[in-house]
Amino acid sequence: MTPSEVLEFADKNGCRMVDLKFSDLPGVWQHFSVPIQQLSGDSFQDGFGFDGSSIRGFQQIQNSDMLVIPDPETAVLEPFTEVPTLSLICNVVDPVTRLPYSRDPRFIARKAEAYLKSTGIGDIAHFGPEAEFFIFDDVRFDQGRHFGFYHLDSSEGRWNSGRDEGPNLGYKIRYKEGYFPVPPTDSLQDLRTEIVLTLQGLGIDVEAQHHEVASAGQCEVDMRFSPLTQMGDRLMWFKHVIKNVARRRGKTATFMPKPLFEENGSGMHCHVSIWKAGQNLFSGNQYAGLSQMALHFAGGILRHAPALCAITNPTTNSYKRLVPGFEAPVNLAYSSRNRSAAIRIPMYSASPKSRRLEFRTPDPSCNGYMAFAAILLAGLDGVQREIEPGPPLDKDIYGLPPEEAKKVPRAPGALTEALDRLEADHDFLLAGEVFTPDLIEKWIDYKREAEALQVSIRPHPYEFALYFDI
């Protein structure tokens with residue numbers, strides 16, 4: 001839409017409020033609302049002011065004044081307000097220079113797309129993330145100087161098979177057997193359908209929805225692929241819709257990668273392909289129907305994967321999922337159909353249009369704008385430098401003999417390790433000034449100080465089981 005079309009759309013739908021949304025650095029939507037009378041054609045150039053020092057990863061207090069500029073192409077009706085509300089995703093701008101803000105995650109995604117075009121390699125980078133999540137009935141957690149705990153519950157959980165529910169009707173999902181059961185075992189069918197219909201009402205194409213492997217409340221809803229920045233926007237809507245639909249039904253949703261011990265974690269397998277003039281450049285006559293460009297793209301991802309993990313798996317909890325021997329793809333190899341490799345080549349269809357890479361290591365705690373941009377830059381570095389990915393590994397990597405397994409590179413085992421690797425290997429992110437040194441430095445410092453350090457200095461409940469009687 002154009003600005004004038006947005007105003008007509010708001011008037012036609014009786015909007016009384018405007019909700020202005022933007023992403024903080026970690027990747028969580030922030031918003032504020034203004035009466036519809038405050039929105040005019042000039043608003044799409046002049047913007048609206050806010051305090052950047054109160055947003056995680058943004059400004060210091062002496063430079064706190066910032067602007068959000070609404071993007072008219074993102075105009076939709078907010079589905080979770082009582083009063084008709086126009087929703088607009090915004091870009092963040094410096095009010096003095098009027099330049100886009102270097103730490104605005106959406107700006108990073110936009111620059112990545114512009115850089116791809118500038119290289120002449122391709123026109124569009126398509127991304128299709130499979131962001132898994134958990135739906136719980138009850139969540140309690142707290143931490144103090146003398147205590148710390150969390151408690152999660154779901155009516156589906158196998159641990160509730162003996163609970164007096166007046167009556168307990170059974171149909172609790174066996175541990176690690178939550179993949180594809182029908183109702184009544186799958187109790188979340190209608191909730192996921194409501195999510196799908198809400199997403200479709202926002203113009204977001206959905207391909208499928210289903211229960212996932214974990215015993216209690218693990219789900220997946222798959223969006224159809226779309227260009228990088230648009231998919232970044234859609235992932236933000238995806239999380240917003242899931243959390244609010246769950247709350248509307250008296251439940252709660254989380255995108256934490258590993259909320260349950262000894263159960264499958266939530267990944268965000270990222271399907272990616274490069275297109276030019278309507279042609280899929282990843283289709284060819286090489287391994288698994290890939291082009292040489294696609295193999296070099298895979299080589300770039302594998303080369304930079306340890307550094308990428310600091311962006312695609314950016315939480316301390318991420319590395320509870322990335323554990324060798326479990327379900328997560330920690331092995332930095334590629335293969336067709338093989339879900340034990342970090343990069344899989346899906347073989348569901350023989351159509352050249354469907355040929356793509358599936359990077360399986362990322363998880364949904366990431367900032368989608370930044371993660372997709374970083375994956376694209378790593379792959380383009382592989383294409384430009386003709387980085388060979390090595391031979392494919394067409395066997396169960398988890399079952400390899402120890403002498404073979406140790407030859408396969410692995411993803412980092414902790415957030416601190418991933419941040420160290422990013423600190424040592426980030427030149428590929430600076431291409432086209434997509435990421436800036438300032439942003440990378442801020443990201444590393446924030447993750448170290450606000451997250452990794454804070455987790456490391458607090459006693460863990462299991463430490464009492466291990467050490468209290470020492």
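This is a predicted model: local features need pLDDT of at least 70, side-chain atom pairs count only at pLDDT 80 or more; totals for chains, interfaces and linings use all residues.
Okay, let's start with helix packing. Two packed helices are described by the angle between their axes and the distance between the axes, and I'll give you both for each pair.

Pair one is helix 10, residues 415–424, against helix 11, residues 437–456. The angle comes out at about 165°, and the axes sit 11 Å apart. Anything over 145 degrees counts as roughly antiparallel, and therefore that's what we call helix 10 and helix 11. As for handedness, helix 10 passes helix 11 in a left-handed crossing. If you want to click on the contact, helix 10 brings Leu415, Thr416, Leu419, Asp420, Leu422 and Glu423. From helix 11 you get Ile440, Trp443, Ile444, Lys447, Arg448, Glu451 and Ala452. Sorted by class, that contact has 7 nonpolar, 1 polar and 5 charged residues.

Pair two: helix 4, residues 189–201, with helix 5, residues 228–248. Here we have an angle of about 135° and axes 10 Å apart. Helix 4 and helix 5 are therefore oblique to each other. Helix 4 passes helix 5 in a right-handed crossing. On the helix 4 side, the contact uses Leu191, Glu194, Ile195, Thr198 and Leu199. Helix 5 answers with Trp237, Phe238, Val241, Ile242, Val245, Ala246 and Arg248. The class count for helix 4 with helix 5 is 9 nonpolar, 1 polar and 2 charged.

Last stop, the second largest pocket, at about 910 Å³. Which residues lie nearest its centre? Those are Glu130, Glu220, His271, Arg344 and Glu358, out of 39 lining residues. The elements giving two or more residues to this lining are strand 7 (124–136), strand 10 (206–211), strand 11 (218–223) and strand 14 (268–276). Strand 7 gives the largest share, 6 residues.

Key
Residues are numbered from 1 along each chain as its sequence is written. Side-chain values use heavy atoms; hydrogens and water are left out. Axes are lines fitted to C-alpha atoms, for helices over the stretch in contact, and angles run from 0 to 180 degrees between N-to-C directions. Helices (H or I, at least four residues) and strands (E, at least two) are DSSP runs, numbered from the N terminus. Angles under 35 degrees count as roughly parallel, over 145 as roughly antiparallel, 65 to 115 as roughly perpendicular and the rest as oblique. A crossing is left-handed if the near helix is turned anticlockwise from the far one by less than a right angle, and right-handed if clockwise. Contact means heavy atoms within 4.5 Å. Ala, Val, Leu, Ile, Met, Phe, Trp, Tyr, Cys and Pro count as nonpolar, Asp, Glu, Lys and Arg as charged, and the others, Gly among them, as polar. On a 1 Å grid over the protein atoms alone, a cavity is a set of points where a 1.4 Å probe fits but cannot get out, and a pocket is an open set with protein on both sides within 12 Å along at least five of seven lines; lining residues have an atom within 4 Å of a point. Grid points are joined across faces, edges and corners, and a volume is the space filled by probe spheres set on the points.
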